[in-house]
Amino acid sequence: MADTQFDLIVLGGGPGGYVAAIRAAQLGMKTAVVEREHLGGICLNWGCIPTKALLRTSEINHLMHHLPDFGFEPVQPKFDLDKVVKRSRAVAKQLSSGVAHLLRKNKVAVFDGQGKLAGKQTVSVTKDGKPVATLKAPHIILATGARARQLPGIEADGKLIWSYKHAMVPTTFPKSLLVIGSGAIGIEFASFYLNMGAQVTVVEVLPRILPVEDEEISAFAHKAFEKQGMKIMTGAQVKNVRKGADNVTVTIETGGKSQDITVDRVISAVGIVGNVEDIGLEGTGVKVERAHVVVDDYSRTGEPGVYAIGDLTGPPWLAHKASHEGVICVEKIAGLNDVHPINVGNIPGCTYCRPQVASVGLTEARAKEAGHAVKVGRFPFIGNGKAIAMGEPEGMVKTIFDAKTGELLGAHMIGAEVTEMIQGYTIARTLETTETDLMHTVFPHPTVSETMHEAVLDAYKRAIHF
């Protein structure tokens with residue numbers, strides 16, 4: 001019989017759960033993880049990682065079609081869809097196996113099955129409806145994640161209407177595609193399929209795409225995508241979906257007028273709901289609002305000894321936020337003195353479309369709404385030598401400062417590799433640097449990161465190259 005008495009039990013082995021478990025083990029806690037499917041969770045298996053593998057393929061496909069721009073003879077590249085999907089799945093499997101290794105290395109016990117609260121300090125584990133173990137611990141972290149939200153009448157069937165999971169493993173490549181929702185998930189899939197050769201239409205109910213981003217960045221992205229051939233419909237609602245033998249006809253209403261669009265496939269990307277069902281919340285003090293568990297700054301629920309992290313709780317629903325929450329939660333449990341609540345304003349957001357989008361902190365509109373007098377700087381990629389040399393002159397960096405204090409309130413970027421660059425501004429916000437600190441920082445030349453420096457200088461009318 002496996003040992004069933006622990007200091008900490010984590011339900012869910014995703015980027016929040018497995019990181020929390022490893023940190024707990026480092027702090028000397030006897031720890032167990034209960035995972036019903038794959039270690040690494042949605043992120044490693046069906047989200048962040050495999051989608052980036054697919055997007056890398058689409059970037060290469062795009063470059064192959066533009067070889068003459070770099071002095072090569074033109075070619076007509078062809079791709080093998082099965083091999084594209086196989087590579088993506090192999091990348092996911094490699095990392096999931098890596099998580100298993102890390103848990104073994106840190107002596108974390110892993111139970112394969114469905115975990116459920118079963119009384120005070122107790123978790124029951126079942127597999128295929130059969131009992132596996134009953135575990136005991138004074139501390140239990142719920143990290144069960146979330147799943148795609150389903151719209152009535154547009155439920156994913158895996159054939160004509162896809163969720164993000166179906167969109168990652170297509171058996172045939174659609175010539176035309178309609179994506180409902182223009183958040184990060186929707187836009188990434190729209191970008192992938194567009195760059196692989198499909199005709200793509202994006203439908204967004206709000207007035208602009210990428211609605212959580214700064215308005216200028218959203219507008220820039222809109223123009224860039226349309227230039228690539230993507231059709232975008234904002235302020236639009238899907239009113240009806242009619243399935244054919246091998247296509248879907250979607251009725252879309254915009255400005256009081258309706259039109260029908262027939263496509264091979266539809267991707268529904270309209271948000272997520274927490275996996276709050278079947279984990280034993282009934283009869284506990286755990287509060288659920290809008291399909292997500294309510295927690296305090298240290299991930300504590302209303303039930304003593306029960307915590308919740310990651311996508312199961314509130315926004316932003318990001319893997320790196322889940323991991324950091326897990327660390328904070330465990331360190332607080334362990335009684336460490338230097339534990340501080342996570343500052344949501346310092347969590348960067350990244351969208352891996354082409355061009356990439358990344359941001360941290362307040363948008364210009366939010367900064368003004370919060371009462372700040374602002375100084376705003378901008379710098380275009382077309383003014384950057386490295387971006388031009390790379391053949392990536394499309395992009396911009398925008399910075400927002402408090403006019404009185406010089407605090408960096410927010411930074412917003414669109415262009416090649418900005419998802420790698422945003423961390424510079426994230427560190428700046430974490431260290432509470434001012435415009436003076438950033439101005440006096442030496443940026444290497446030639447790099448695309450120089451645009452970050454120039455965007456700071458521009459906010460104070462000191463930009464050199466623009």
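Helix α3 spans residues 48–64 and includes Met64. Met64 is partly exposed, at a relative accessible area of 31%. With Ile60 and Val75, Met64 makes a nonpolar surface patch of about 220 Å². This is a predicted model. The points below cover its nonpolar core, its sheets and its salt bridges.

**Nonpolar core**

- The largest nonpolar core holds 33 residues. Val179, Phe189, Tyr193, Val200, Phe225, Met230 and Ile267 touch the most other members.
- Six elements are named as giving two or more residues to this core: α3, α5 (164–168), β10 (176–180), α6 (184–195), β11 (199–204) and α7 (215–228).
- Helix α6 supplies the largest share of the core, with six residues.
- Strand β11 is mostly covered, and five of its six residues are buried.
- β10 and β11 run parallel and are joined by five bridges. Within this pair, Leu178 has Thr201 of β11 as its bridge partner.

**Three-stranded sheet**

- Strands β4, β5 and β6 form an open sheet in the order β4-β5-β6, with antiparallel pairing.
- β4 (114–117) and β6 (130–136) are the edge strands. Each has a single partner, so one side of each is left without a neighbour in the sheet.
- From one strand to the next, the twist averages 25°.
- β5 (residues 122–127) runs antiparallel to β6, and six bridges join the two. Lys127 has Lys130 of β6 as its bridge partner.

**Five-stranded sheet**

- A second open sheet has five strands in the order β21-β22-β25-β24-β23. Its pairing is antiparallel.
- β21 (349–351) and β23 stand at the edges. Each pairs with a single strand, so one side of each has no neighbour in the sheet.
- The twist here averages 10° from one strand to the next.
- β22 (residues 356–361) pairs with β25 over six bridges, in the antiparallel sense. Met413 in β25 is the bridge partner of Ala358.
- β23 (residues 374–380) and β24 run antiparallel, joined by seven bridges. Val374 stands opposite Asp402 in β24.
- β24 also pairs with β25 (residues 408–415), antiparallel, over six bridges. Leu408 in β25 is the bridge partner of Phe401.
- Five residues lie between the strands in the hairpin of β24 and β25. Gly406 in this hairpin takes a positive phi near 80°.

**Strand β24**

- β24 covers residues 396–402, and seven of its seven residues are buried.
- In a regular strand, side chains alternate between the two faces of the sheet.
- In β24, Met396, Lys398, Ile400 and Asp402 point one way. Val397, Thr399 and Phe401 point the other way.
- The buried set includes the charged residues Lys398 and Asp402. Lys398 also belongs to a salt-bridge network, together with Asp214, Glu216, Glu364, Lys368 and Arg378.

**Salt bridges**

- Side chains of opposite charge can pair when their charged atoms come close.
- The whole structure has 19 salt bridges.
- Glu331 and Arg23 meet in a salt bridge at 2.9 Å, N to O. Glu331 lies in helix α8 (residues 319–333) and Arg23 in helix α1 (residues 17–26), so the pair ties together parts that are 308 residues apart in sequence.
- Glu331 has 14% relative accessibility, so it counts as buried, the cut-off being under 20%.
- Asp296 and Arg300 form a salt bridge at 2.7 Å, N to O. Asp296 is partly exposed, with a relative accessible area of 31%. Arg300 is partly exposed too, at 37%.
- Glu37 and Arg36 form a salt bridge at 3.6 Å, N to O. Glu37 is partly exposed at 46% relative accessibility, and Arg36 is partly exposed at 43%.

Technical notes. Residues numbered from 1 in each chain as written. Predicted model: local features only at pLDDT ≥ 70, side-chain atom pairs only at ≥ 80, totals over all residues. Heavy atoms only, no water. Patch = residues over 30% accessible without salt bridge, like charges linked within 9 Å, V, L, I, M, F, W, Y side chains within 5 Å. Areas by Shrake-Rupley, 256 points an atom, 1.4 Å probe, with all protein chains shown as cover. Salt bridge = Lys/Arg side-chain N within 4 Å of Asp/Glu carboxyl O. Helix = DSSP H or I, 4+ residues; strand = E, 2+ residues; numbered from the N terminus. Buried < 20%, exposed > 50% of the residue type's maximum accessible area, 1.4 Å probe, protein only. Pairing = 2+ DSSP bridges. Axes fitted to C-alpha atoms, helices over the stretch in contact; angles between N-to-C directions. Core = buried A, V, L, I, M, F, W, Y, C linked by side-chain atoms within 4.5 Å.
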